[in-house]
Amino acid sequence: MKGICVLGATGSIGVSTLDVVARHPDLYKVVALTANSNIDVLYAQCLQHRPEYAVVVDESKSAVFKDKLKNTVIAGIKVLSGKQALEQVATLDAVDSVMAAIVGAAGLLPSLAAAKAGKTVLLANKEALVMSGDIFMQAVSESGAQLLPIDSEHNAIFQCMPTNYKAGVSEKQVRRILLTASGGPFRQMPIELMAQVTPEQAVAHPNWDMGKKISVDSATMMNKGLEMIEACLLFAMEPDQIQVVIHPQSVIHSMVDYVDGTVLAQLGNPDMRIPIAHALAWPERFESGAKPLNIFAVGRMDFEEPNLERFPCLRLAYKAIAVGGIMPTVLNAANEIAVESFLGGQIRFTDIPVVIETCMDKFDATSADTLDIILAVDQQARVASQKIIAGLR
């Protein structure tokens with residue numbers, strides 16, 4: 001039986017992970033669950049899965065959570081608080097696999113700690129890899145950790161790679177990666193109307209049930225830009241070998257084009273339990289709870305090139321990876337601040353790429369060869385982005 005730690009247990013990926021784990025109680029034991037502040041959902045999860053540890057990052061909520069456990073059947077759970085506790089539970093001896101599902105830069109340090117500790121890292125946090133790049137991949141290589149991608153697209157690519165493929169290794173048989181994207185809710189909206197988009201519209205994804213930040217990223221296609229950068233790192237490919245393909249049905253999750261002309265695609269319903277189950281069971285397979293794909297109900301599959309005028313965030317992601325160094329870190333930090341400001345009603349939807357590009361222009365393409373540099377640049381870019389946003393009001 002393998003021990004699992006779920007970082008970000010109360011988010012959509014964490015909930016789906018625990019749903020899959022519950023279907024296979026003979027294979028997995030939940031050792032640790034973490035949440036930022038959603039103690040009600042965490043409490044219900046602890047009742048069901050009985051972890052040894054629970055982390056509530058928000059220290060004030062952690063105190064409330066401890067009180068909530070008193071005189072209950074789960075009073076024996078060790079409750080920890082603060083960001084450092086995330087790294088602590090991710091590296092416990094009893095933990096074999098870590099589901100890295102904390103959204104944004106907050107997921108970097110615990111995910112990296114798990115990689116350095118040689119754990120099997122189920123990576124659902126693309127921002128951690130975008131920020132730290134080669135540092136993360138070097139940690140995986142040096143520790144002997146197993147890195148398995150959870151994003152539906154990267155998991156699809158991984159499934160289409162040759163047998164026994166290991167993340168981070170260049171595969172000479174592969175010519176291109178075709179990274180699919182739904183196009184989000186505004187794929188066909190007249191561009192002149194996009195400045196009027198509301199947060200409520202932006203989080204209403206047509207195919208996937210995701211958190212607010214990721215849903216906005218999907219609407220701007222920054223999500224696909226971050227995934228492109230992640231794919232370059234995970235599969236040791238150049239940016240011009242990653243082709244983004246809009247596929248509104250979200251049935252093909254990505255494709256791999258081999259040098260002999262063969263194109264392998266992974267298909268399935270848009271249900272995150274499929275890539276989660278694949279990574280949990282790898283190299284075997286087990287039941288995920290997802291419905292079988294009804295290809296007749298799908299009926300047709302469409303493909304189109306992304307319009308970079310409509311989706312400038314995708315252009316900025318290609319620019320960031322081409323420049324290299326600290327620029328992907330700047331891109332990610334500026335995007336997080338811009339999306340947060342949009343959701344808070346401070347800027348327009350179309351201001352998001354303006355904030356990101358203006359912020360990127362303020363930084364030189366210096367190297368990102370230490371974690372201290374990356375963390376410092378991340379904070380500097382956040383401050384710069386907030387100043388840019390203040391100037392837009």
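UniProt positions are given here in the numbering of this chain, and such annotations may be inferred rather than shown by experiment. The model is predicted.

**Exercise 1.** Describe the region that the UniProt domain annotation covers.

*Solution.* Begin with the record: the unreviewed UniProt entry annotates residues 4–133 as "domain: 1-deoxy-D-xylulose 5-phosphate reductoisomerase N-terminal". Next, take the secondary structure: over residues 4–133 the chain is 44% helix and 22% strand.

**Exercise 2.** State how the chain is divided into domains, and characterise the interface of domain 1 and domain 2 by its buried area.

*Solution.* The division gives domain 1 (2–149) and domain 2 (324–392). Their C-alpha centres lie 27 Å apart. Ten residues of domain 1 are in contact with twelve of domain 2. Together the two domains bury about 800 Å², with 74% of this on carbon and sulfur atoms. On the side of domain 1, the greatest losses fall on Val130, Met131 and Ile135, which together make up 56% of what that side buries.

**Exercise 3.** Which polar interactions cross the interface of domain 1 and domain 2, and which helices of domain 1 supply residues to it?

*Solution.* Two residue pairs are in polar contact across the interface, both at pLDDT 80 or more. The count of salt bridges between the domains is zero. Turning to domain 1, helix 5 (108–116) and helix 6 (126–132) each supply at least two residues of the side that touches domain 2. Helix 6 gives the most, with four residues. By residue class, this side of domain 1 divides into seven nonpolar, two polar and one charged.

Key
Residues are numbered from 1 along each chain as its sequence is written. This is a predicted model: local features need pLDDT of at least 70, side-chain atom pairs count only at pLDDT 80 or more; totals for chains, interfaces and linings use all residues. Side-chain values use heavy atoms; hydrogens and water are left out. Domain bounds come from an automatic or database domain assignment. Contact means heavy atoms within 4.5 Å. Buried area is the accessible area (1.4 Å probe) that two parts lose on being put together, summed over both. A salt bridge is a side-chain nitrogen of Lys or Arg within 4 Å of a carboxyl oxygen of Asp or Glu. A polar contact is a pair of N or O atoms within 3.5 Å; within protein, one must be able to donate a hydrogen and the other to accept it, and residues adjacent in sequence count only if both atoms are side-chain atoms. Ala, Val, Leu, Ile, Met, Phe, Trp, Tyr, Cys and Pro count as nonpolar, Asp, Glu, Lys and Arg as charged, and the others, Gly among them, as polar.
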